[in-house]
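Dear colleague,

Please find below the structure that I am handing over to you. My notes on what was found in it follow directly after.

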Amino acid sequence: MAWREWVRTVEVEPSLYAADFTRLGEQIQILLRAGVRVFHFDVGDGHFVEPITFGPVILEAIAPLVHRHGGRIDCHLMVDNPTRHFPQIARAGGDSVTFHYEVVDDVRGTIAAAREHGLGVGVAFNPESEPERVAAAAADADLVLCMSIHPGYGGQSFMPEALERIRRTRSALPGHVYVQVDGGIDNTNVRAVHDAGAALIVAGTAIFKREDLPRAYRRLVQALA
Ligand code: DX5
Ligand code: ZN
């Protein structure tokens, strides 16, 4: 996936972790019609993060629907040993993989391994990791994901100190690498997250736990206008 040729100035990415799984396809379709271009897909292994979330089997089920409407699936791998999952994610229709800085020894080699499968690549980091160190290792990535919560569960509150880490990440990275932010984003903070330097903004609860999904998505987009 070539993120660069594809992302608009800013993209709000609904996080499927917060979806109603009895109506997954329907909710995806509704959001595609509302203008969503990229979905965030959280893979948790029950080891790097406490919960087991979902993986390639579900990805395979939804990928044709998303792709048919010109959308993309951005896979956030909250897992140990991310590299071993790249082939399966690529085969199942994932467009991009974001692995965690904390679990790999060789960030550059891991980025290269993902590209061999034709995947876009991101490097995620937890609140404890130092933005400058991550940025220095991630210059070959498409995006760097600055977590604004401790990863694992949806519905947590945005950590206000994340804004400063977003700014530090943005200024430490070359201009062609996007900054993505994930965790606790809603109408009250989305603007500040964007102003701090994020172009890719993930939102789970603020979209899926609302009555009207398209309206919730559009409200976030409008807050950025
Ligand atoms: C949690 C995931 C997030 C989560 C965000 O660790 O990485 O993508 O779905 O959900 P909200 O927007 O509810 O914080
Ligand atoms: Zn995520």
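In this predicted model, helix 1 (residues 24-33) and helix 2 (residues 56-68) pack at an angle of about 35°, and their axes are 10 Å apart. Helices are DSSP runs of H or I with at least four residues, strands are runs of E with at least two, and both are numbered from the N terminus. Axes are lines fitted to C-alpha atoms, for helices over the stretch in contact, and angles run from 0 to 180 degrees between N-to-C directions. Helix 1 contributes Leu 24, Gly 25, Ile 28, Gln 29 and Leu 32 to the contact (heavy atoms within 4.5 Å), while helix 2 contributes Ile 58, Ile 62, Leu 65 and Val 66.

Ligand 1 is surrounded by 19 residues (a heavy atom within 4 Å), and the closest include Asp 182 and Thr 205. Polar contacts are pairs of N or O atoms within 3.5 Å. An oxygen atom of ligand 1 lies 2.5 Å from a side-chain N or O atom of Thr 205, and one lies 2.8 Å from a polar backbone atom of Gly 204.

Asn 81, in the loop between strand 3 (72-78) and helix 3 (86-92), is not a glycine, yet has a positive phi of about 45°.

Residues are numbered from 1 along each chain as its sequence is written, and chains are lettered from A and ligands numbered from 1 in the order written. Local features need pLDDT of at least 70, side-chain atom pairs count only at pLDDT 80 or more, totals for chains, interfaces and linings use all residues, and side-chain values use heavy atoms, without hydrogens and water.

Conventions. A polar contact is a pair of N or O atoms within 3.5 Å; within protein, one must be able to donate a hydrogen and the other to accept it, and residues adjacent in sequence count only if both atoms are side-chain atoms.
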